[in-house]
Amino acid sequence: ATRSDFELDESQLCKSPKEIVALIKEYIHNNYSKQIDLGSLADRFGFSLSYLTKIFTKYEEITPSKYLKEYRMKLAKQLLRSTDLTVASISQQIGFMDQFHFSKTFKQVVGLSPSEYRATR
């Protein structure tokens with residue numbers, strides 16, 4: 001099995017909370033373009049979502065959901081600055097199935113709409 005599949009082997013069962021957080025971040029970085037269900041991710045590690053959120057927040061000072069959202073927005077900003085891809089295309093590339101949800105989230109996080117942000121480049 002590949003590591004990105006997150007099929008647990010014996011060695012992963014003994015990881016420290018800090019190592020688990022690093023694996024979660026790695027998973028997010030490798031899979032941000034897909035739908036990510038943090039509950040399923042917690043199940044894969046054999047923990048509850050609340051425990052996973054607790055350890056992630058302890059080490060990163062941010063919840064995993066917020067980390068995922070901010071990571072996606074960081075990538076969206078790079079794409080808006082460096083490409084002429086449509087907002088719809090960018091939203092799909094970073095894991096949003098709905099362009100309008102992406103635009104609303106982007107404006108909440110960044111303070112500008114994707115088009116307004118692109119106009120400032």
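A residue counts as buried here when its relative accessible area is under 20%. By that cut-off, 34% of the 121 residues of the protein chain are buried. The model is predicted.

**Overall fold**

The protein chain holds 7 helices and 0 strands. In sequence order the pattern reads α-α-α-α-α-α-α. Among contacts in the protein chain with a separation of 6 or more, 53% join residues 24 or more positions apart.

**Helix 1 against helix 3**

Two packed helices are described by the angle between their axes and the distance between the axes. Helix 1 spans residues 17-31 and helix 3 spans residues 49-60. Their axes lie 9 Å apart, and the packing angle is about 95 degrees. Angles of 65 to 115 degrees count as roughly perpendicular, so helix 1 and helix 3 are roughly perpendicular to each other.

Helix 1 brings Pro17, Lys18, Ile20, Val21, Ile24 and Lys25 to the contact. Helix 3 brings Tyr51, Leu52, Ile55, Phe56, Tyr59 and Glu60. By class, the residues of this contact are 9 nonpolar, no polar and 3 charged.

**Aromatic pairs**

The whole structure contains 7 aromatic pairs. One of them joins tyrosine 32 and tyrosine 71. Their ring planes stand at 70 degrees; over 60 counts as edge-to-face, so this pair is edge-to-face. The pair links distant parts of the chain, 39 residues apart. Tyrosine 32 sits in the loop between helix 1 and helix 2 (38-45), while tyrosine 71 belongs to helix 4 (residues 64-82).

Phenylalanine 47 and tyrosine 51 form another pair, with planes at 50 degrees, so it is tilted. Tyrosine 51 also takes part in the contact of helix 1 with helix 3.

| Ring pair | Distance between centres | Angle between planes | Class |
|---|---|---|---|
| Tyrosine 32 and tyrosine 71 | 5.7 Å | 70 degrees | edge-to-face |
| Phenylalanine 47 and tyrosine 51 | 4.9 Å | 50 degrees | tilted |

How exposed are these rings' residues? Tyrosine 71 has a relative accessible area of 15%, so it is buried. Phenylalanine 47, at 27%, is partly exposed. Tyrosine 51 is partly exposed as well, at 30%.

Ring pairs also build a cluster: Tyr32, Phe56, Tyr67 and Tyr71. Phe56 of this cluster is part of the helix 3 side of the contact with helix 1.

**A charge over a ring**

Arginine 72 lies over the face of phenylalanine 96. The distance to the ring centre is 5.7 Å.

Technical notes: Residues are numbered from 1 along each chain as its sequence is written. This is a predicted model: local features need pLDDT of at least 70, side-chain atom pairs count only at pLDDT 80 or more; totals for chains, interfaces and linings use all residues. Side-chain values use heavy atoms; hydrogens and water are left out. Axes are lines fitted to C-alpha atoms, for helices over the stretch in contact, and angles run from 0 to 180 degrees between N-to-C directions. Helices (H or I, at least four residues) and strands (E, at least two) are DSSP runs, numbered from the N terminus. Angles under 35 degrees count as roughly parallel, over 145 as roughly antiparallel, 65 to 115 as roughly perpendicular and the rest as oblique. Contact means heavy atoms within 4.5 Å. Ala, Val, Leu, Ile, Met, Phe, Trp, Tyr, Cys and Pro count as nonpolar, Asp, Glu, Lys and Arg as charged, and the others, Gly among them, as polar. Rings of Phe, Tyr and Trp (its six-membered ring) pair if their centres lie within 6.5 Å; planes under 30 degrees apart count as stacked, over 60 as edge-to-face and the rest as tilted. Buried means under 20% relative accessible area, exposed over 50%, partly exposed in between (1.4 Å probe, protein chains only). A charge sits over a ring if NZ of Lys or CZ of Arg is within 6 Å of the ring centre and within 35 degrees of the ring normal.
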